[in-house]
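Have the sequence and the model open side by side.

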Amino acid sequence: MVLKNMIMVLVLLLGINSAHAENINSARQVVDKFQTELIDVMKNGKQLGYAGRYEKLFNAVSNSHDLTKIIRIVVGKEWEKLSETQQQKLIDTFSKFSVSSYAHNFKDYDGETFVFDSEEETTRGGVVIHTHLNIPDEKAVKFDYMLKEIGNNWRIINIIANGVSDLALKRSEYTNILQREGFDALIAKINEKIDNYSKL
Amino acid sequence: MKRSRSNVRTKQTLSYMLAGVLILGSYSTSAVSSSKVDPCEHINRKLFVFNTHLDNYVAAPISNAYKWITPQFVQTGVFNFYNNLKNINVIVNDVLQAKLKQSAQDTGRLVINSTLGLVGLVDVARDVGLEQNDEDFDQTLAVWGVPKGPYIVLPVLGPLTVRGIPGAIFDTAANPSSYVGAPVQLLSMLNTRANAEGALKFIDEAALDPYVFTRESFLQWRHSLATDGQSQMTSDFDDELLDDSETLSISPASKNNRSDLTLSLSEYIKKFEQASQSFSTTANAFDQIAKSYENVSEKLDKLKN
């Protein structure tokens, strides 16, 4: 009886471990898929043009990033001070800005490759996928993706490039502007950047 | 090389950590207090504006002219030459940080590039797998436990922390190019500015508030270098999210009830408090740093004995 119980416990533990391993894999898969799509867009960047890159990357970013959570963290306590309409407007504008930033910065291909390095679990149940971008004739750039499980899906909530956290950087900027100049100024500044990205 | 340079530079600046942040400082607007990190924000912002103008009207045109008249292979050679000289400084700081294996690699890099690489004009070491390491005296002080102190923007020199001042003096002293004539130093500055072009462009395109963007990316980048990229990978902002539901302490209605006189008076008091806090934070930081130097000096004395 004792032996039977021990076997059952072992089976359960194995089950938990394998389920956990699947989750870790799926977090990595989300990053892998996003990076593959990004490289693909870069390879066809010139033919696609800004509008084409934006269109292709909109789905890629939406399916891999939790943009709503990101912008909530970015504005911090200021979020509760916004009306529902303002919150929705901020989510929409920020989403456009995120995609347009990718579409502008990843516009052509010179042999770059993303390489997976390792993955680790955070204390709060998140996963960090460590990767780097190899650039011919240049020093590689480290990209660490922090993911959270939202429902049954893993979603990127932060990207740390060579030690610089995108979330922390935006958080300082956005809260500063919100407190100092207000919501409309923040939206105007983001829209101005989106507009510039589409023209450059 | 030439084909990919501008695009690659743009992508590299995604790391936000580039030399560009060393060139600039920021734009105007009165400060929302950035607490202990940037107690002198109002002064720093003015200096950032000054540095931005200086860059736009002086450094950028000269740098652009240099890039226009100089062939790409010469620019690459100049970059490699100064980068190779920097290795002396890197090796010294490797040793001071007890990174002996890395110091051996960096010494190999210096020897190879200074000989086979034609006095450093060609980066042969990279081709044999010896990547450039980034070490300086500011990082050494961080390893020794000296706190970084407040963020400051210096005219011409750009962003720094208080700890970075002795760091910069030591690094300048340890770099051979500091002891040669003005033309070599001018070329060194031109080379630095020319290589920061991509980063400056990225900041200009991406930053909603270039001052804050520069400050945050500079501080994070320096912290990452000082900890060799091992810093707080797991910080995930959840605590902040939990605080989101906190109610406001002052409602808009209560704000409207205040008289103009009270508002302006409280504004003055607030500014005065901010200014006095700034000075006391800066003074405390200097005290802490002085204590750390004393500790380091005591440790060195013990080692001698």
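**From one residue pair to the sheet**

In strand β3 of chain A, Y145(A) is the residue opposite I129(A). Y145(A) also stands opposite I159(A), which lies in β4(A). Before going on, note that the model is predicted: local features need pLDDT of at least 70, side-chain atom pairs count only at pLDDT 80 or more, and totals for chains, interfaces and linings use all residues. Residues are numbered from 1 along each chain as its sequence is written, chains are lettered from A and ligands numbered from 1 in the order written, and side-chain values use heavy atoms, without hydrogens or water.

Now look at β3(A) itself. The strand spans residues 141-150 and is mostly covered, with 7 of its 10 residues buried. Buried means under 20% relative accessible area, exposed over 50%, and partly exposed in between, with a 1.4 Å probe and protein chains only.

Which strands does β3(A) join? Strand β2 (residues 127-134) of chain A runs antiparallel to β3(A), with 7 bridges between them. One bridge pairs H130(A) with D144(A) of β3(A). β2(A) and β3(A) form a hairpin with 6 residues between them, and in the turn D137(A) has a positive phi of about 65°. Strand β4 (residues 153-161) of chain A is also antiparallel to β3(A), through 8 bridges. The hairpin of β3(A) and β4(A) has 2 residues between the strands, and G151(A) takes a positive phi near 65°.

Step back to the whole sheet. It is open, has 5 strands in the order β1-β2-β3-β4-β5 (chain A), and its pairing is antiparallel. At the edges stand β1 (113-121) and β5 (164-165) of chain A; each has a single partner strand, so one side of each lacks a neighbour in the sheet. Two strands pair if DSSP finds at least two bridges between them.

Chain A as a whole has 6 helices and 5 strands. These are DSSP runs numbered from the N terminus: helices are H or I with at least four residues, strands are E with at least two. From the N terminus, the order is α-α-α-α-β-β-β-β-β-α-α. Of the 200 residues of chain A, 50% count as buried.

Finally, turn to chain B. E205(B) sits in helix α10 (residues 197-206) of that chain. Why does E205(B) count as buried? Its relative accessibility is 9%, so E205(B) counts as buried. Beyond neighbours within four places in sequence, E205(B) contacts H104(A), N105(A), K193(A), Y197(A) and L200(A). Contact means heavy atoms within 4.5 Å.
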